[in-house]
Amino acid sequence: MLHGRATELDALDRLLADARQGRSGALLLRGEAGIGKSVLLDHAARTAREAGMRVLRGTGVEAEGELPYAGLHLMLAGVLDRLDRLPGAQAEALRSALGMASVGDGDRFLVGLAVLTLLDGLAEEQPLLCLVDDAHWLDRESADALLFAARRLGVEPIAVVLAVREGDAPDFPAPGIPELRLSGLDPAAAGALLDEHAAGLSRHARELVLKEAAGNPLALCELPSAQREDERYASPYGMAVLPPHSRLLRAFTTAVAALPEPTRALLLVAAAAGAADLATVLGAAERFGAGLDDLEPAERARLLALVDGRLAFRHPLVRTAVYQDAPASRRLAAHRALADALAGRPDQADQRAWHLAAAGTGPDPETARLLEESAERARARGSSRAVAAAYERAAELTPDPAGRCRRLTAAARAATDAGRPAHAEELAGRAAALADGPAALAAAVRVRAEAVDEQGRSRDAYALLAGAVPDLAGPAPELVGPLLFQAAQAAWHAADQAALDRTAAQAAELGLPEAGRIAALARLAAGQHRCGPADSGAGADAVRELIGADGDSAADVREAVRLGWWHLFAGDLPAARDVAVALERRCRESGAIGTLALVQMLLARTQLLLGLHREALATATEGIRVAEDTGHTRARIHLATVLAQLAAARGDEEGTRALTAEALALGVAPGTVHAACALALLDLGLGRTEAAFDRLTAVAEGTERQGLIGSLPDLVEAAARLDRPEGGRYALSWYERHAAAYPRPWTRAVAERCRALLAAGPAAAGEHFAHALRLHRDGGSAFERARTELLYGEHLRRRRQTSEARPLLRAALHTFDRLGAAPWAGRARTELRATGESLAAPTATPGLLDRLTPQESQVAKLAAQGLSNRDIGARLFISPRTAGYHLSNVYPKLGISSRTELARLGL
């Protein structure tokens with residue numbers, strides 16, 4: 001019987017019941033050691049099996065925390081025969097991760113998708129429960145894969161429960177997973193549990209145990225039997241009130257001390273071994289004169305047991321007590337014995353390397369070499385965290401400074417790839433201090449600067465890179481060019497035009513091959529940032545130069561994304577979209593979710609500028625989720641500002657403010673500018689014209705203006721409505737230079753609309769409006785065209801040309817309704833009524849895809865291409881069953897009943 005856990009049991013029972021009904025879910029149990037997490041997992045497993053569910057169970061093992069996918073391998077060991085049923089790329093990734101194949105594509109997120117698909121396939125046979133105890137000790141790769149899958153559960157009959165210790169264990173962040181925090185038992189439940197396990201205690205002893213246990217169930221069960229008689233009846237005023245887990249450590253240490261010496265040796269080897277098999281533990285224990293027969297006393301004392309061929313401690317604190325209480329010399333000897341027992345087993349090479357490292361007492365070149373080999377195997381499995389850990393420990397064991405520097409740099413680069421920029425910065429800083437030559441220094445500085453830049457400290461990154469130039473220019477000028485180009489990019493991120501110009505001048509003075517590209521980057525930034533007499537044409541020449549320089553070297557996804565941005569800056573929105581769409585397809589087909597967020601950052605911004613609001617919403621919504629999973633902070637903030645612009649167009653004030661909060665708090669352009677522009681668009685749409693004018697003017701007069709150009713027409717409109725022509729002309733002159741430098745029909749159309757708003761007389765205004773509408777026909781944003789139609793219609797209505805105004809206002813209303821731009825649609829309706837329209841203007845008939853959610857729209861498009869649910873799941877990083885669920889919602893919304901009909905709709 002479980003005392004005092006009615007709430008927790010109810011939550012678990014509901015989770016299991018929902019899973020059996022096809023409503024998947026996950027739950028994270030948090031609490032101190034001994035609080036009852038494992039007992040609740042046992043209850044869930046028992047209940048699930050009784051209800052006919054399959055149970056997969058795993059446990060995090062501290063000793064294997066640096067071995068990539070060790071926890072996942074342990075959990076999935078019994079179902080690995082199902083890997084052949086996965087899509088090819090997923091099966092290959094998971095096999096590589098689990099050490100079942102020698103080569104993989106190294107994408108840890110594809111491994112997470114493979115886990116999701118595998119669990120979905122198992123759940124087709126019978127409802128599934130996945131349990132993980134001590135999840136805080138899981139290797140990071142296993143934890144990431146399991147959390148990735150758990151966050152994407154939808155309509156599968158799957159339940160996932162993870163238990164995490166708090167207080168004396170590593171943090172286990174699990175965003176998106178509901179949590180249940182366990183506290184101590186109330187006095188009544190604690191007393192009932194104690195009486196059940198120690199009914200013969202005197203009243204005084206019972207009070208002491210209840211006080212010392214503080215509601216901790218394990219303490220209530222173990223303290224009475226573990227205490228010596230003199231402790232049990234000691235004065236309550238003489239007993240220190242220690243945290244329960246500290247008292248338990250003492251209790252378990254006492255229990256272990258009472259065992260025979262060979263049994264204690266066997267326990268120490270088992271504690272050092274983690275989840276090693278029995279044969280390995282016994283092979284190592286022979287060094288201490290211990291064997292299988294010596295296991296019996298520990299089993300009788302209920303300290304550990306043999307489970308599925310492995311020695312399992314009854315509670316993690318037993319293992320902790322055994323290991324911590326042993327002298328350091330004995331712990332080192334245990335790890336050395338385990339390493340020897342694993343010798344000659346290639347499949348255990350990583351474990352052996354780490355045992356050798358744990359046994360080390362000083363520099364050890366051979367162990368360092370083995371750890372480096374382990375790091376490279378981890379890299380092939382996409383385990384950047386494991387790469388970083390192995391290289392860092394290898395560096396500590398490396399005697400020569402040059403080798404230590406190289407390995408620390410490798411560790412720092414892996415930490416950056418793993419989304420741990422602060423740790424990468426620290427590692428690279430240590431490497432730079434050890435550098436004995438220009439190449440080593442350049443490598444360490446570049447990694448450190450990249451980590452600093454990723455944390456939003458772009459000015460510091462620039463200073464690091466620029467500061468290294470004097471030490472490199474003389475002895476190794478060939479290293480300076482790439483370093484200065486990275487410095488220029490950091491200056492761009494910091495919106496520091498002066499630093500960019502200095503870098504370009506320095507590169508030219510040194511005659512570097514990269515000087516032309518750096519100068520082009522500086523000119524492009526100037527065109528993006530400056531207002532006034534600056535030559536925007538230089539920016540246009542620069543971006544064309546960058547497109548030419550990068551066009552032939554864009555095989556890498558990141559380089560190709562950069563090329564897409566150059567097209568975007570050049571105003572060639574179709575070209576930018578083509579690049580982004582092709583890259584997105586490439587990422588989905590290969591399962592490369594690790595770079596997908598960077599692609600979606602470009603694609604969502606391009607779709608927004610093209611007025612494809614529905615597509616931008618779908619891309620940015622998924623992109624934020626992907627960025628959160630992959631640790632791309634910069635991409636996540638950028639995508640949030642895209643969603644903010646869409647929310648502003650809809651008039652969603654609460655949503656706009658929530659989506660802009662982080663970018664504004666960070667204060668780094670273009671995020672902060674995009675956020676301010678979204679708020680200004682919201683103000684303008686809701687009729688708060690002065691607020692919009694003040695907000696945009698503040699940005700235009702500030703020092704960080706990258707991203708403002710597209711919102712200059714909003715400033716012109718606000719100035720015209722407030723009759724502040726000087727502010728409008730200032731913004732118009734800047735936008736006119738931009739439109740002339742990047743001549744596209746859509747930029748020229750918006751420029752003509754702005755000229756109309758500031759025209760000296762009605763006739764001139766009408767000519768500019770009419771010209772703008774003709775240019776809008778050649779493409780661009782439907783939202784911007786509708787705004788021109790609205791403003792032109794307002795202009796005509798004020799001149800009493802109502803018959804000419806109505807068609808324009810109806811067209812504007814149709815577009816605004818279709819886009820969900822409620823404030824703008826409201827303005828168009830008001831103007832239509834003012835023209836004498838007696839009936840409400842006809843609203844837009846939603847297109848087929850407008851009837852669907854963003855996720856349903858993506859699923860429908862792929863299904864219309866003939867993809868199966870499994871293929872759709874692989875493309876969208878969801879389970880096949882969830883893809884099928886969305887498709888089942890699509891059919892009634894579109895008035896069809898089959899994939900054949902869906903394909904005929906021309907989606």
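## Charges over rings

A charge sits over a ring if NZ of Lys or CZ of Arg is within 6 Å of the ring centre and within 35 degrees of the ring normal. Keep in mind that this is a predicted model.

With that in hand, have a look at phenylalanine 148: the charged end of arginine 152 sits over its ring, 3.8 Å from the centre. There's another case at tyrosine 323, where the charged end of arginine 331 sits over the ring, 5.4 Å from the centre.

## Rings that pair up

Searching the whole structure turns up 8 aromatic pairs. One of them joins tryptophan 492 and phenylalanine 569 in a tilted arrangement, with 5.5 Å from centre to centre and 55° between the planes. Tryptophan 492 belongs to helix 24 (residues 480-493) and phenylalanine 569 to helix 28 (residues 557-569), so this pair ties together parts that are 77 residues apart in sequence.

Are these two buried or exposed? Tryptophan 492 is buried, at 9% relative accessible area, and phenylalanine 569 is buried too, at 14%.

Phenylalanine 783 and phenylalanine 816 make an edge-to-face pair, 5.9 Å centre to centre with 70° between the planes. Phenylalanine 783 sits in helix 40 (residues 782-798) and phenylalanine 816 in helix 41 (residues 802-819), so the pair ties together parts 33 residues apart in sequence.

Phenylalanine 783 counts as buried at 5% relative accessibility, and phenylalanine 816 is buried with a relative accessible area of 0%.

Note on methods. Residues are numbered from 1 along each chain as its sequence is written. This is a predicted model: local features need pLDDT of at least 70, side-chain atom pairs count only at pLDDT 80 or more; totals for chains, interfaces and linings use all residues. Side-chain values use heavy atoms; hydrogens and water are left out. Rings of Phe, Tyr and Trp (its six-membered ring) pair if their centres lie within 6.5 Å; planes under 30 degrees apart count as stacked, over 60 as edge-to-face and the rest as tilted. Helices (H or I, at least four residues) and strands (E, at least two) are DSSP runs, numbered from the N terminus. Buried means under 20% relative accessible area, exposed over 50%, partly exposed in between (1.4 Å probe, protein chains only).
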